[in-house]
Amino acid sequence: MKLQSFLADSIEGYVRYRKASGRASYSYVKNVVLFDHFCAREYPGYTELTQEMVDRWCKQRETENTNSCVSRIYPVLDLLKYLKKRGKTRITLPPVPKSLPRTYIPHAFTHEELMRFFTACDNIKPRKGILSAIQRITLPVFFRLLYSSGMRTTEAIGLKRDDVCLENGVVSIKSGKGYDQHFVVLHDTMLSLMRIYDDRMSDILPNREYFFPTPDDKAHPPVWVTYHFRVLWDSCNGSKAIAYELRHNYAIENINSWNYQGFTVHDKLLALSKSMGHKQVESTLAYYSLTPGISDIIESADAEMYEFLIPDTEYEKD
């Protein structure tokens, strides 16, 4: 991730700007750094950005689909907009392919799969060294936190000790998606587990800053989550899944539990949306399409919400 080209100072300023704006996205920064490496490798000795550099980078590659191309290009376009507003470049922004609708369907976890997965987390083979000790006590708690709270993986790895109140179980998410801070209330069983974990981790790293730290008290990178989830999951399950799908599972399980309960679906939907850090309730509504038998659940719990989400459609007869 070390910057190599003449853009280094500008990119460092851009990264600081994004952090100050509450948009410290790892994927954005990663793609900007890859663009920096591209400029250093393909245009050695250059001291100024050219249209050719930008156009070459933004051209869709034969090995990538349209959405992958868009994901790679947009961070660099955002960097260029940042530079243009500050009078540091006059580059013309190239056109970007239009994103295609995604058809991604999250993995539907079974109870047996999750039991096997968490059993694998609890039985990681002991090895020598502080890194191994940290992983053995962190991974079982970390993945249970994702499962029981619906946090984004990046939110969980970015948690600091001051963000987690072990007295009342309220977690403050300050590094979520976008600008808004939100709060998550832990289940009592999860809170008890977090307290035990905190005591054990304090014995290894006293006065640490991060709740789930690396040996040098830094936040784990996203690849740490991806790698360990895949290794543990593949060790006990034949299906394919990713750690982020624990968040999807949390939303779906909550919606499934709303049947025959006292509060209205409106209140539950709003609470779930706020807890998951969604800016718009519409983002939470998307999970309705992934919930089996959702129409029966909504109708039995709240007839008014049922009429709102699934209106009665009259067809004209010939």
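The protein has 14 helices and two strands, and the model I am presenting is a predicted one. Of its 318 residues, 42% count as buried. If we take the contacts with a separation of 6 or more, residues 24 or more positions apart account for 61% of them.

Let me begin with the strands. Strand 1 covers residues 170-173 and runs antiparallel to strand 2, with four bridges joining the two. Within this pairing, Ile 173 stands opposite His 182 of strand 2. In a regular strand, the side chains alternate between the two faces of the sheet. Which residues of strand 2 lie on the covered face, and which on the uncovered one? In strand 2, residues 182-185, the covered face holds His 182 and Val 184, while Phe 183 and Val 185 belong to the uncovered face.

I turn now to the helices. Two packed helices are described by the angle between their axes and by the distance between those axes.

Helix 3 contributes Val 54, Trp 57 and Cys 58 to the contact, and helix 4 contributes Cys 69, Arg 72, Ile 73, Val 76, Leu 77 and Leu 80. By class, this contact of helix 3 with helix 4 has eight nonpolar residues, no polar ones and one charged.

Some of these names return when we look at Asn 31, which has its place in helix 2, residues 26-42. Is Asn 31 buried or exposed? Asn 31 counts as buried, because its relative accessibility is 12% and the cut-off for buried is under 20%. Apart from neighbours within four places in sequence, Asn 31 is in contact with Trp 57, Ser 71, Arg 72, Pro 75 and Val 76.

The second pair is helix 6, residues 130-149, with helix 8, residues 188-204. Here the axes come within 11 Å and cross at roughly 160 degrees, which makes helix 6 roughly antiparallel to helix 8. The crossing of helix 6 and helix 8 is left-handed. Among the residues making the contact are Ile 130, Ile 137 and Arg 144 of helix 6, together with Met 190, Tyr 197 and Arg 200 of helix 8. By class, the contact of helix 6 with helix 8 has 12 nonpolar, two polar and two charged residues.

Helix 8 also holds Leu 191. Leu 191 counts as buried because its relative accessibility is 7%. Which residues does Leu 191 contact, leaving aside its neighbours within four places in sequence? They are Cys 165, Leu 166, Glu 167, Asn 168, Gly 169 and Leu 186. As for Leu 166, it lies 25 residues from Leu 191 along the chain, yet the C-alpha atoms of Leu 191 and Leu 166 are separated by 6.8 Å.

Finally, helix 6 has a further partner in helix 10, residues 245-256. The axes of helix 6 and helix 10 are 7 Å apart, and the two helices pack at an angle of about 35 degrees. On the side of helix 6, the contact is made by Phe 143, Leu 146, Tyr 147, Ser 148 and Ser 149; on the side of helix 10, by Leu 246, Asn 249 and Tyr 250. By class, the contact of helix 6 with helix 10 has five nonpolar, three polar and no charged residues.

Conventions. Residues are numbered from 1 along each chain as its sequence is written. This is a predicted model: local features need pLDDT of at least 70, side-chain atom pairs count only at pLDDT 80 or more; totals for chains, interfaces and linings use all residues. Side-chain values use heavy atoms; hydrogens and water are left out. Buried means under 20% relative accessible area, exposed over 50%, partly exposed in between (1.4 Å probe, protein chains only). Two strands pair if DSSP finds at least two bridges between them. Axes are lines fitted to C-alpha atoms, for helices over the stretch in contact, and angles run from 0 to 180 degrees between N-to-C directions. Angles under 35 degrees count as roughly parallel, over 145 as roughly antiparallel, 65 to 115 as roughly perpendicular and the rest as oblique. A crossing is left-handed if the near helix is turned anticlockwise from the far one by less than a right angle, and right-handed if clockwise. Contact means heavy atoms within 4.5 Å. Ala, Val, Leu, Ile, Met, Phe, Trp, Tyr, Cys and Pro count as nonpolar, Asp, Glu, Lys and Arg as charged, and the others, Gly among them, as polar.
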